[in-house]
Amino acid sequence: MAVVTKLPATISRFTDAPLASTVKRKVAAYARVSTDHEEQQTSYEAQVTYYTNYISGRDDWEFVKVYADEGISGCSTKGRVGFVSMVEDALAGKINLIITKSVSRFARNTVDSLSTIRKLKEHNVECYFEKENIWTFDSKCELLLSIMSSISQEESRSISENVTWGHRKRMADGKIIMPFGRFLGYDRGEDGKPVINEAEAEVVREIYRLFLSGMTPYSIAKKLTADGIPTPAGKKTWAGSTVRSILTNEKYKGDALLQKTFTADYLSKKVKKNNGQIPQYYVEDSHPAIITPEVYETAQAEMERRSGCKSRYSGVDILASKLVCGECGSFYSPKVWHSTDQYRRVIYQCGQKYKGAHRCTTPHFTAEEIHSIFVTAVNDMLRNKNEIIANMHESIAMISTDELEKELAAAQDEMVLLAHMVESLVTENARTALDQTEYNRKYNALIERYEAAKSKREDIEKQIADVHRRVQEMERFIENVRNLGAVSEFDAELWGLLVDRVVVNGKDDVRVEFRK
């Protein structure tokens, strides 16, 4: 009969180290809290203290470090600096064992969790999850980790959906959410609602005033930077895009458009611009206004006007920004004559005057001449102010979008009908075996009709918006001139508010076109 003798293992199958070895395992811990709230901070500090004492108290362990991430979600390893640093150190041989409170602290993403653990195992690095009592060198750990990671991921999805639902419910109720830490002009009040920060509000008003006087967002940004005014985020250097966002944010007139963006994926936390994928809510008079609605709407109209200019708009000079050559349609630009002698002066001439084969014959002007033309034009207009206002009121009363509204309703009805027809066709094809060539022909024809109806609806909506904008411009013009008296000298702000453009046809043919 054969004799079997058991030879006990002397080397660890996981680390290749002798089992009787007195070499200490290099142990690190990982702690994470997902928010910056005070109660979570307490939890974070408690985790760090606990693991420092726990690891240092073992004679067979050598304490390496407690790696930690504060205020970071576990849905992805992206942005988790402490976690990434820990894995890099482990792969470099600086760590043999990683201890974590639970699987959900390690990662809420099943793929990230398993792939990271497998990579660590390949480099003989073990992980231990206290709550679940899982050691990753255990043969059963893969199944347990898959289950626990999936549960954590599902929990994360549920939390994300609950938070999203809460945000959208508040929006539907008209409760605004404002990032006070980087929003210029407002502070969080005792009741959580926005209150005006007067010092910052003056900066906002100055931005609107400078823009309406002719400056561009870029030139305003340069001025604010030179003046040493901090940005909404507290930085020293302003960007033109920051100024533009202030000029186009409806919150400064006391209204709020809610849900401009949305989180497309709870794992990646990727935020997308809401172009109609989910509902938006517009709340009027939701909080105190820093600028009047009239000034805000004037700024939007001015921004649209500049974007439609034939040549590139320049905000370096408030006069050049509105002077237009009657021959070629280009803006005038300032030129310096006799720059090095006593006869030095600045004149304004067509920016394309000496470019190309065609030479514009329109004349040049000095700033004083332009000032005088503007003052004369305003006073001429004010002599007939009452008549002009009365005529504009009559014009506004005659403007109607009734026919356009009927056309819009018809286009919308047609879209609904076509959508039902497409749905019926698809359902029929799923239930019965239709000729696919004929099915595709009908389907494509319906889709083509639907797209045509959609394009028509969008065109009608644009026409209606143009009519409403025209009415608003006329009403703003009436408001601007109603209480205006005779003008004795050039006023830059008045120039920005009243003048649409100044067309130069000749020395004695300069036409000032007011906004109306």
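Author: Val 504 stands opposite Val 510 in strand 17, and Val 502 stands opposite Val 512 in that strand. The model is predicted, with local features requiring pLDDT of at least 70 and side-chain atom pairs pLDDT 80 or more, while totals for chains, interfaces and linings use all residues. Residues are numbered from 1 along each chain as its sequence is written, and side-chain values use heavy atoms, without hydrogens or water.

Strand 16 and strand 17 pair in the antiparallel sense over six bridges; strands are DSSP runs of E with at least two residues, helices runs of H or I with at least four, both numbered from the N terminus, and pairing requires at least two DSSP bridges. A hairpin joins strand 16 to strand 17 through two residues.

These strands belong to an open sheet of three strands in the order 12-16-17, with mixed pairing. Strand 12 and strand 17 are at the edges, each with a single partner strand, so one side of each lacks a neighbour in the sheet. Neighbouring strands are turned by 25 degrees against each other on average, direction ignored.

Helix 10 lies across strand 12, strand 16 and strand 17, at about 60 degrees to strand 17. Such angles run from 0 to 180 degrees between N-to-C directions of axes fitted to C-alpha atoms, for helices over the stretch in contact, where contact means heavy atoms within 4.5 Å.
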